[in-house]
Amino acid sequence: MIVIAYGGEIAKNAYDALASSDIALYLDTGMAVSIKPNLVVACPASDGATTHPEVIEGIIMFLKDFGVKNLKIIESSWVGERTKRAFKYCGYEELKRKYGIPLIDLKDDGYSSYRYGEYEIAICDEAMSADFLINVPVLKAHCQTRMTCCMKNLKGCVPDAEKRRFHTLGIHKPVAALNMLVKTGYCVIDGICGDLSHEEGGAPVTADRIIVGRNPLLLDSYCAELLGYRPDEIGYIQYGKAYGVGEYYNSETPLVELNPQVKPVLDIKRNRVSEIYKRLINEDAACSACYSSLIYALRRLDGRKRRVEGKIHIGQGYKGKSGDGIGIGNCAMGFDICVPGCPPKATDIVAALGR
């Protein structure tokens, strides 16, 4: 089951998405729950690299109302960054003050070694001792693995020396093996404004959505298509499926959308990534989720010749209109070529436009 909540009320949407999900099947009030965000660097979430504190706040409010009392936030920033600095600059110290929840820097934690297949992996004790781990990644690009989301976010649960070693091992297989060792209780994906270029942020594209579900591989396979990739194009997802982390998203996977009628219409065209493609697009009142899918697809098509030429039309202003050219999304169904969806998947846009 996957639940998606749209809109700009971040904390409320995180709460509502969990309340509409099947988390109650797995969560018990007596559990010790650890929340693992992505605070790779000490930058505000608006830069597109780190988990919005409002997402964490919505999770905390849900857990407290559910009856969970034993809560903590755990994280280890990337090698070279201080986690405590990230806690401060990313707004997490305010969460600590407001809710009395400890912030655990895993760089200070002990660790033990665990084996899966050919890999022996050191994992921080706090991550392994949690009864229920809530994984809260940012959906964004990654310079080495193309994308990062639920599965790769668990790399923050290993010591810095192990993070370095993952890269010498080729990163994809050890990330997949790590997901067989660290059991995720539930995932809450921050899909508000992930960066399309690098994991450290700076080029965010607004999508204003929160995506929740139980299985990290299922969610990552779904999110890969949102970014314009087939799941098998992401090595750690492919290996994770082979290892048994989970199954790929398919048309039979239950998908619930909350407040789709308020998918926000935002001026994301001023984003510097979006600006690159502006000359190709006729936009009229496009929702950010739909527009971001188009930008993801065009980014994916960089360097490849477009099979279909002509202006691309997108937005609610094209409802009931027809003509030559390309329509993106259900609102632009009247054009000669159309990629349906609300929002359409970036993979479908790539398939329609590229070769």
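Trainee: At what angle do α1 and α2 pack?
Mentor: About 45°, with the axes 7 Å apart. Keep in mind that this is a predicted model. Helix α1 covers residues 10-19 and helix α2 covers residues 53-66.

Trainee: What does that make them to each other, oblique or roughly parallel?
Mentor: Oblique. Roughly parallel needs an angle under 35 degrees, and α1 and α2 pack at about 45°.

Trainee: Is the crossing of α1 and α2 left-handed or right-handed?
Mentor: Right-handed.

Trainee: Which residues meet there?
Mentor: From α1, I10, A11, A14, Y15, L18 and A19. On the α2 side they meet E54, V55, G58, I59, M61, F62 and D65. By class, that contact has 10 nonpolar, 1 polar and 2 charged residues.

Trainee: How does α2 sit against α4?
Mentor: Their axes come within 10 Å and cross at roughly 20°. Helix α4 is residues 92-99. The cut-off for roughly parallel is under 35 degrees, so α2 and α4 are roughly parallel to each other. The crossing is right-handed.

Trainee: And which residues does α2 use for α4?
Mentor: P53, I56, E57, I60, M61 and K64. They meet Y92, L95, K98 and Y99 in α4. Look at M61: it is in the contact with α1 and in the contact with α4.

Trainee: How do the lining residues divide by class?
Mentor: 3 nonpolar, 9 polar and 8 charged.

Trainee: Back to helices. How do α8 and α10 cross?
Mentor: At roughly 45°, with the axes coming within 8 Å. That makes α8 oblique to α10. Helix α8 is residues 172-181 and helix α10 is residues 235-243. The crossing is right-handed.

Trainee: Which residues meet in that one?
Mentor: H172, K173, V175, A176, A177 and M180 from α8. Their partners in α10 are G235, Y236, Y239, G240 and Y243. The contact divides into 7 nonpolar, 3 polar and 1 charged.

Methods: Residues are numbered from 1 along each chain as its sequence is written. This is a predicted model: local features need pLDDT of at least 70, side-chain atom pairs count only at pLDDT 80 or more; totals for chains, interfaces and linings use all residues. Side-chain values use heavy atoms; hydrogens and water are left out. Axes are lines fitted to C-alpha atoms, for helices over the stretch in contact, and angles run from 0 to 180 degrees between N-to-C directions. Helices (H or I, at least four residues) and strands (E, at least two) are DSSP runs, numbered from the N terminus. Angles under 35 degrees count as roughly parallel, over 145 as roughly antiparallel, 65 to 115 as roughly perpendicular and the rest as oblique. A crossing is left-handed if the near helix is turned anticlockwise from the far one by less than a right angle, and right-handed if clockwise. Contact means heavy atoms within 4.5 Å. Ala, Val, Leu, Ile, Met, Phe, Trp, Tyr, Cys and Pro count as nonpolar, Asp, Glu, Lys and Arg as charged, and the others, Gly among them, as polar.
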